Structure formats: structure tokens, C-alpha cells
Amino acid sequence: MLLEVNGASRSFGGLKALSEVSLHIRKGELIGLIGPNGAGKTTLFNLLTGVYPPSTGRILLNGHSVGGMKPYRINRRGAARTFQNIRLFTAMTVLENVKIAFHQHAKHSMISSMLRLPKHFRGEEEITGKAMEMLRIFSLADQADERAGNLSYGNQRRLEIARALAAGPKLLLLDEPAAGMNPNETRDLMNLIAWIRREFSLSILLIEHDMSLVMGVCDRIYVLDRGMLIADGAPAEIRSNPKVIEAYLGQEA
Ligand SMILES: Nc1ncnc2c1ncn2[C@@H]1O[C@H](COP(=O)(O)OP(=O)(O)OP(=O)(O)O)[C@@H](O)[C@H]1O
């Protein structure tokens with residue numbers, strides 16, 4: 001088991017954004033997290049990545065309790081994420097964006113970089129090589145020297161995933177990675193997500209609004225509504241679950 005959440009709750013003032021949520025993700029699983037607006041999906045990501053501590057409950061990553069840990073420590077324990085609102089260094093190049101992410105996780109000695117010892121330059125070269133490799137995987141190598149802010153929206157989203165992968169995570173949390181993409185970009189992205197799951201032996205938790213999209217790619221799906229987990233199961237079960245249908249109809253009404 002890679003991730004185990006037991007009875008996690010989170011309140012903001014009087015509002016219960018998450019109520020007694022329990023879920024698990026096994027190694028290598030691609031799991032969807034869906035639910036209407038305000039259901040608590042991003043709040044759950046924020047608990048899993050240390051943005052907020054849970055008000056109650058336990059979060060185990062690889063058997064270690066991480067609930068309430070600082071984000072960088074959870075990241076080092078193997079969980080990386082992307083955000084609903086893209087967070088890139090827009091004035092820097094595409095390559096620099098990925099290199100910074102690798103640097104944050106490289107185990108260079110501070111002394112060798114300060115003194116600019118040969119070891120530092122070898123480390124730098126290695127990081128450039130790894131970053132370029134990552135850009136090739138995401139078909140962004142041709143734009144390595146472009147400013148990140150000049151990329152199309154879809155490519156910025158892909159760059160964000162490339163940056164998250166530089167941390168060498170075991171668990172990748174993707175918060176609506178297809179938001180703002182056109183149908184072709186979305187389909188390509190879903191194929192890419194399925195591919196990186198296999199290639200990097202990752203577990204992935206994917207928030208997505210578009211039900212048909214998660215249905216096509218996920219092994220299992222969890223459904224949140226008003227802070228509560230109302231269903232979980234294989235895509236076919238979720239599609240025909242009356243509680244899920246009602247939650248989504250409620251949103252459209
Ligand atoms: N920092 C915060 N302070 C106060 N309320 C918050 C905070 N973060 C989230 N909430 C509230 O918690 C509830 C769940 O929000 P959350 O963003 O987790 O939902 P979501 O399922 O991700 O929604 P969406 O699909 O619209 O992004 C909402 O009512 C939201 O207003």
C-alpha cells in the first residue's frame with residue numbers, strides 16, 4: 001500500500017470541507033478523484049501534500065505518518081503534485097524550470113557548488129541532461145529555450161507535470177491537468193498520464209471534472225460530495241451508482 005488515509009477531516013471555521021474521508025492507493029494504481037464543485041477534492045490534495053494539517057485523521061505514505069508534515073518533507077517522502085492554477089517560473093526558460101526542480105532534489109554538497117569545484121560542474125551537466133530527457137518525454141525539447149510563459153496553455157500544463165516528476169515521486173497528484181485544454185490536447189494528455197504511470201512505476205491520483213475522461217483511464221474512482229466520500233469502485237460501477245448520478249445532477253440543477 002502506498003497511501004492510506006483514515007478518517008481524515010478538515011474544517012475551515014464552521015465549514016466541514018472534508019468529513020471522515022478514508023481511502024487507499026496501491027503501488028502502480030491510477031486513481032480518479034471526482035466530485036461536483038466545492039466537494040473537497042483540492043482540500044484533500046492539500047492535506048496529502050502538507051498545505052494544511054488534517055483537523056483529525058491519519059495519512060500514511062509508504063507506511064509513514066505524514067499528516068501535518070511540511071510540504072517539502074512530504075515531497076521528499078515521495079509525493080509530488082501539480083496545481084489547478086499553473087505554477088511555473090514564467091520568465092524563465094522551459095529548461096530552467098525543469099532544472100530548478102531537479103536541483104531542489106539533487107544531493108549536491110553546498111561547498112562544492114559554492115567553490116565551483118569540478119564536482120559541481122559534473123552535477124550541473126548531469127542535471128541538464130536529465131532535464132532535457134524529461135522535456136523529450138513531454139515533447140517539449142524543441143522549446144527548451146523558450147520562456148515558460150510563452151508556451152501554449154496545454155504545454156504549460158505538461159511542463160508542470162514534468163517539473164513534478166523531477167522530484168522522483170512515488171505518488172503523483174494531478175489537480176485537473178486537462179483544465180483549459182482542447183479535446184485533442186486532453187486525449188493526448190490522458191495517454192501520456194497512462195504512459196508515465198507505467199514508465200516511472202508511479203501511483204497517480206487524478207482530480208478531473210470530466211467524468212468520461214477519468215472513466216477511460218482510471219483503475220478505480222473515488223467520489224466526493226460536500227466533503228464526504230459517497231462512492232468508490234471501478235469506472236463502470238461509478239457510472240451507474242445512483243448517489244453519484246444524483247450528486248452530479250444536483251450540480252446541474
Ligand atoms: N483555505 C480555505 N478557507 C476556507 N474555506 C476553504 C478553504 N479551502 C477550501 N475551502 C472550502 O472548502 C470547500 C471545498 O473546497 P475544495 O476547493 O476542496 O473543493 P473542490 O472539490 O476542489 O472544488 P472545485 O472542483 O470547485 O475546485 C469549499 O466550500 C471551499 O470554499
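Trainee: How many Å separate the centres of domain 1 and domain 2?

Mentor: Keep in mind that this is a predicted model. The domain assignment gives domain 1 as 1-78 + 169-253, and domain 2 as 88-168. Taken over C-alpha atoms, the separation of their centres is 27 Å.

Trainee: Which elements give two or more residues to the side of domain 1 that touches domain 2?

Mentor: Start with the contact itself: 10 residues of domain 1 meet 8 residues of domain 2. By class, the domain 1 side has 7 nonpolar, 2 polar and 1 charged residues. The elements giving two or more residues to that side are β7 (171-175) and α7 (183-199).

Trainee: Why can we call the chain as compact as a globular protein of its length?

Mentor: Good one! The chain holds 10 helices and 10 strands. For 253 residues the globule rule gives 18 Å, and the chain is as compact as a globular protein of that length because its radius of gyration is close to that value, at 19 Å.

Trainee: Now the ligand. Which element supplies the largest share of the shell around the ligand?

Mentor: The residues around the ligand include F12, L15, G35, K41 and T42. By class, the shell has 4 nonpolar, 6 polar and 1 charged residues. Both β2 (15-25) and α1 (41-48) supply at least two residues each. The largest share, 3 residues, comes from α1.

Technical notes. Residues numbered from 1 in each chain as written. Predicted model: local features only at pLDDT ≥ 70, side-chain atom pairs only at ≥ 80, totals over all residues. Near = placed C-beta within 6 Å. Helix = DSSP H or I, 4+ residues; strand = E, 2+ residues; numbered from the N terminus. Nonpolar A, V, L, I, M, F, W, Y, C, P; charged D, E, K, R; others polar. Rg over C-alpha atoms; globule rule 2.2 N^0.38 Å. Domains from an automatic or database assignment. Contact = placed C-beta atoms within 7 Å.
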